[in-house]
Amino acid sequence: MYKKQLTFQRIICMVMLCAVAIVFVYSLGLMTDLYDSLYSTMMDPDDYTQTTVTGSIIYYDMQQFNSDLTKASIGLILVTLVLFLTNTHTRRKYYIGNFISVGLSTVCNVAISVWALSEISSYRAQYKQIDFEQLKAHSELWKTYYTDSTFWFDASYVVFGILLAGTVLLIANLILKLIMMKEEKRLIGSRKEVGA
């Protein structure tokens, strides 16, 4: 049972590292379609209201959020690496450092997921307000990329769903570890009683 649990915790830590890496890659790709389709509609970089397409200002509105999301995803990677620094992936018994690293990872993952999903949801609603007929006409005239897809916004549910699912498994592993440590302590205690 211990070998299976140790394998499980190693897998969970690797899943967490992959999940935060996916969040980072997502943050880099989030603005791709917006840049390709909306940037050329902005007539004056100093005055974002000067645009050939109503609603294309979302490209500039999202810049700060996208920058913050990228920084937050780098922070998540660093927090997840603490799991490995404290040997959470290989330790048979957990110590205070392991509990702190799991707790820190859990809090950060949940907080950033809630924040990012709420922001992305509001930007998705703003994106849907774009005049796509104007955008299509602009695209045909200037031979630029056109899309009315909300793929990058919708992908956030998958990306942060993976992150939250990994976090749930991390907590489940911690609970299982506590149960096994308690059981091990009980068995050692009963052996001492038999030996006495």
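Biologist: Where is Asn 87 found?

Modeller: This is a predicted model, and in it Asn 87 is found in the loop between helix H4 (63–85) and helix H5 (96–127). Asn 87 has a positive phi of about 60°, although it is not a glycine.

Biologist: Why is Asn 87 called partly exposed?

Modeller: Buried means under 20% relative accessible area and exposed means over 50%, with partly exposed in between. Asn 87 has 32% relative accessibility, so it counts as partly exposed.

Biologist: And what makes Lys 143 exposed?

Modeller: The relative accessible area of Lys 143 is 71%. The cut-off for exposed is over 50%, therefore Lys 143 is exposed. Lys 143 is found in the loop between helix H6 (132–142) and helix H7 (151–195), and its phi is near 55°, a positive value in a residue other than glycine.

Biologist: Let's turn to Ser 73, which lies in helix H4. Why does Ser 73 count as buried?

Modeller: Ser 73 has 0% relative accessibility, and buried means under 20%, so Ser 73 counts as buried.

Biologist: Which residues is Ser 73 in contact with, leaving aside its neighbours within four places in sequence?

Modeller: Those are Val 23, Phe 24 and Ser 27. Contact here means heavy atoms within 4.5 Å.

Biologist: What does the side chain of Ser 73 reach, and how do you know that this is a polar contact?

Modeller: The side chain of Ser 73 reaches the backbone oxygen of Thr 70 at 2.7 Å.

Terms used: Residues numbered from 1 in each chain as written. Predicted model: local features only at pLDDT ≥ 70, side-chain atom pairs only at ≥ 80, totals over all residues. Heavy atoms only, no water. Helix = DSSP H or I, 4+ residues; strand = E, 2+ residues; numbered from the N terminus. Buried < 20%, exposed > 50% of the residue type's maximum accessible area, 1.4 Å probe, protein only. Polar contact = N/O pair within 3.5 Å; in protein donor to acceptor, adjacent residues only side chain to side chain.
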